[in-house]
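Please walk through the model below from the chain as a whole to its parts. The text takes the fold, the pairing of the chains and then some local details.

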Protein chains: 2
Amino acid sequence: MIRSGMGEARAIELIARIARRRSREIVKSIGDDAALFRDGLVVTTDAYLEDVHFDRSYLDLSAIGARAMCGTLSDIAAMCAKPTAVFVSLMAPKGFRGRDIRELYRGMDAICGLFGAEIAGGDIISAPQLGLALTALGRTRTPRLRSGARPGDDVYVTGHCALAETGRLALKNGLNPKKYGNAIDRHVCPIPRIREALKLVPAIHGLIDTSDGLSTDAGHIATESAVRLVIDAERLPIHDETRQLCAELKLDLAHFVASSGEDYELLFTSTNGGLETQNSKLGTAIMCIGRVEEGNGVWLLSGGKTRRLAPTGYDHLKAELLPRA
Amino acid sequence: MIRSGMGEARAIELIARIARRRSREIVKSIGDDAALFRDGLVVTTDAYLEDVHFDRSYLDLSAIGARAMCGTLSDIAAMCAKPTAVFVSLMAPKGFRGRDIRELYRGMDAICGLFGAEIAGGDIISAPQLGLALTALGRTRTPRLRSGARPGDDVYVTGHCALAETGRLALKNGLNPKKYGNAIDRHVCPIPRIREALKLVPAIHGLIDTSDGLSTDAGHIATESAVRLVIDAERLPIHDETRQLCAELKLDLAHFVASSGEDYELLFTSTNGGLETQNSKLGTAIMCIGRVEEGNGVWLLSGGKTRRLAPTGYDHLKAELLPRA
């Protein structure tokens, strides 16, 4: 029986129990960012629905397509793989026209083009609202999993924490876009960190992309690697625009940074020191934000004290789907 | 600009023009039953939505899952490949519970189990109505395409034409289920013809699965192979239950057989004579229903006369999506 508040994790656990393992070709299936095959094939699926995952009031179809593609390819980056092909199921609402299809697919194709990947097939069905289900394939000879973190590793993150959510809230609340340019860019087009992942792969142990919020995503590494992650609050890369937004909207900065999702940055662990200096070569900031220890869970070091950080990121099912009573 | 009545074919054409080819790994992409990679990997995607593709009033969740899986794996059969893994995006309506997830995924997993395939990943999002987007992967060393038909070939079909639609209409119209047992079975659980495809592959030239209706599917082979298909009306395998349904519901039998979709049978061409006798070995009927000639289009031979057969199968977009004005 399902209890109130069953979340995505529990649903995935249920499915993992029903879906029997049958193929020796598949090394890793349900439970990581993507499935991994013995020959280095990597496959991931994501679905996006109007009003749940995107808002047509401030994103045009090209941006919606691009953003969905970025999110899906980010799971390929999270396995240190290079994307090859994407399959697109389009749920098209009544009155969706040829120019709409063109706009949407141009947005998706442009992101594929950055990485030499292509849209290689799909399906189109009519539906009450716009939706996309994207399945991306990639290739890697050096896969990295959530389970690769080891005590003694440092914890790193690319880019800025919660910058994408800063942009979303700036747009949604009609704030002055000039004051939130970087944040809006990261929300509208969160280019997946594929180049960074392929460059950093020799140094990476455990890896995930930050899609559900730092506390939740760090929790996945902790659980899958059976370690504890200690995050140093003072070292979190927080963009000025995020500080500004929290001040303007009176949000708690610490909570906002720990729980905001869809950054699509890399969160990884490594024993290599000084990875921050790779910054200049990659053009993307890399910050050491903590360390891996024996134990479990995610812990936040702040003002000299360490406290346990609960996963406060977005849980799709818990938030919207299942009855609370 | 889109004109009135733009259908699926035109939408696919549009997408094929936008989606640039970039990967030398991909031999065949948009425009066949599945994409084909150089190493024999085959990938296909299908989406299913409540009230459009299935009706929960007479199908339980296990049957809905099984039927969707059959439909998707049929595209793998249509490339003469063996399925390995399926990725499932679930659009779950409000109040969808653990036991619902269990039922739905058990239905899907059972079909995978018949062929040694597995559900290897996916996504779950909340949505206003139940939906599934399935991406199936398969492997083949001997792919067959729609474009393989050659003048001089015979045209074959497995099973019975329009049997699945017979079952659907029997259920929908509340007819006596005892009189439509075979038809209802084929509608509810159209086991994909994977074993048949793998067995027949040495003989097969051009191949498609019948999902959109015989006239439309035969048209795809004709177009892609640049040939004409002449179908002999008298040789079409029509089940007694289909004759009975057309009598009971006063439907035109010839039109019904030419245009009813979702049979998920194999329609193929071959120079090998006498394939019908394979029947006993496979347990599935195989019927020679016509021949391939120089020319174009699909033609129906009936009462000594040959007339052109327009594609009258189900066009999803034309029927439901795009404005007619």
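A residue is called buried if 20 or more other C-beta atoms lie within 10 Å of its own, exposed if 12 or fewer, and partly exposed in between, with C-beta atoms placed from the backbone. With 13 C-beta neighbours inside 10 Å, B:A310 therefore counts as partly exposed. B:A310 sits in the loop between strand 13 (305–308) and helix 11 of chain B; helices (H or I, at least four residues) and strands (E, at least two) are DSSP runs, numbered from the N terminus. Its C-alpha atom is separated by 21 Å from that of B:H160, and the two residues are 150 apart along the chain.

This is a predicted model, in which local features need pLDDT of at least 70, side-chain atom pairs count only at pLDDT 80 or more, and totals for chains, interfaces and linings use all residues. Residues are numbered from 1 along each chain as its sequence is written, and chains are lettered from A and ligands numbered from 1 in the order in which they are written.

Chain A as a whole has 11 helices and 13 strands. Its radius of gyration is 19 Å, close to the 20 Å given by the globule rule for 325 residues, so chain A is as compact as a globular protein of that length. The radius is taken over C-alpha atoms, and the rule is 2.2 Å times the number of residues to the power 0.38. Along its principal axes the C-alpha trace of chain A spans about 60 × 55 × 50 Å. Of the 325 residues in chain A, 55% are buried. Two residues are in contact if their C-beta atoms, placed from the backbone, lie within 7 Å. Among contacts in chain A between residues at least 6 apart in sequence, 82% join residues at least 24 apart.

One residue of the chain A interior is A:G219, which is buried, with 23 other C-beta atoms within 10 Å. A:G219 belongs to helix 7 (residues 214–225) of chain A. Leaving out residues up to four places away in sequence, A:G219 touches A:V298 and A:P311.

Next, the pairing of the chains. Chain B can be laid on chain A with an RMSD of 0.0 Å by a turn of 180 degrees and a shift of 0.0 Å along the axis. The two copies are thus related as by a two-fold rotation axis; they are superposed by least squares on the C-alpha atoms of residues with pLDDT of at least 70 in both. The contact takes 65 residues from each of chain B and chain A. On the side of chain B that touches chain A, strand 5 of chain B gives the largest share, nine residues. 100% of the interface residues of chain B are also interface residues in chain A, so the copies meet through the same surface.

Which part of chain B is largely enclosed by the rest of the structure? Helix 4 of chain B is, because eight of its 10 residues are buried. Its buried residues pack against helix 5 and helix 8 (240–249) of chain B. Just after helix 4 of chain B, B:G174 takes a positive phi of about 60 degrees.
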